[in-house]
Amino acid sequence: MAYYDNILELEPDRNGSNLRIGIVMSRFNINIGEGLLGACTAELKMCGVLDSNIMLVTVPGALET
């Protein structure tokens with residue numbers, strides 16, 4: 001963390017090696033969901049998140065109001 005004129009600034013930390021991530025994905029439109037999931041997991045892996053620390057839960061659909 002750095003301070004700038006007495007304002008607390010959070011420095012970005014992309015080290016995900018100690019993170020455990022849960023992802024919820026809808027089965028409603030599986031083609032779109034799988035594309036988003038692929039991009040999401042690729043970015044998590046680039047940040048050092050281990051495959052064993054990623055949990056995927058699928059749900060039946062989407063709620064639109």
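These legends describe close-up views of one predicted protein model.

The model is predicted, so local features need pLDDT of at least 70 and side-chain atom pairs count only at pLDDT 80 or more, while totals for chains, interfaces and linings use all residues. Residues are numbered from 1 along each chain as its sequence is written, and side-chain values use heavy atoms, with hydrogens and water left out.

View 1. The protein has 1 helix and 4 strands. Helices (H or I, at least four residues) and strands (E, at least two) are DSSP runs, numbered from the N terminus. Of the 65 residues, 17% are buried. Buried means under 20% relative accessible area, exposed over 50%, and partly exposed in between (1.4 Å probe, protein chains only). Among contacts with a separation of 6 or more, 67% join residues 24 or more positions apart. Contact means heavy atoms within 4.5 Å.

**View 2. β3, α1 and β4 form a right-handed β-α-β unit.** Right-handed means that, with the strands pointing away from the viewer, the path from the first strand over the helix to the second runs clockwise. Strands β3 and β4 (residues 54-59) run parallel and are joined by 6 bridges. Two strands pair if DSSP finds at least two bridges between them. S26 has V59 as its bridge partner in β4.

**View 3. The largest nonpolar core holds 6 residues.** They are I23, M25, L37, L44, V49 and I54. β3 (21-26) and α1 (30-46) are the elements that give two or more residues to this core. A nonpolar core is a set of buried Ala, Val, Leu, Ile, Met, Phe, Trp, Tyr and Cys residues joined through side-chain atoms within 4.5 Å. Which residues does I23 contact, leaving aside its neighbours within four places in sequence? They are L37, C40, T41, L44, I54, M55, L56 and V57.

**View 4. K45 lies in helix α1.** Is K45 buried or partly exposed? K45 counts as partly exposed because its relative accessibility is 46%. Its side chain joins that of D51 through a polar contact of 3.2 Å. A polar contact is a pair of N or O atoms within 3.5 Å; within protein, one must be able to donate a hydrogen and the other to accept it, and residues adjacent in sequence count only if both atoms are side-chain atoms. K45 and G16 are 29 residues apart along the chain, with 8.2 Å between their C-alpha atoms.

**View 5. I30 also lies in helix α1.** At 33% relative accessibility, I30 is partly exposed. I30 and T58 are 28 residues apart in sequence, and their C-alpha atoms are 9.9 Å apart.
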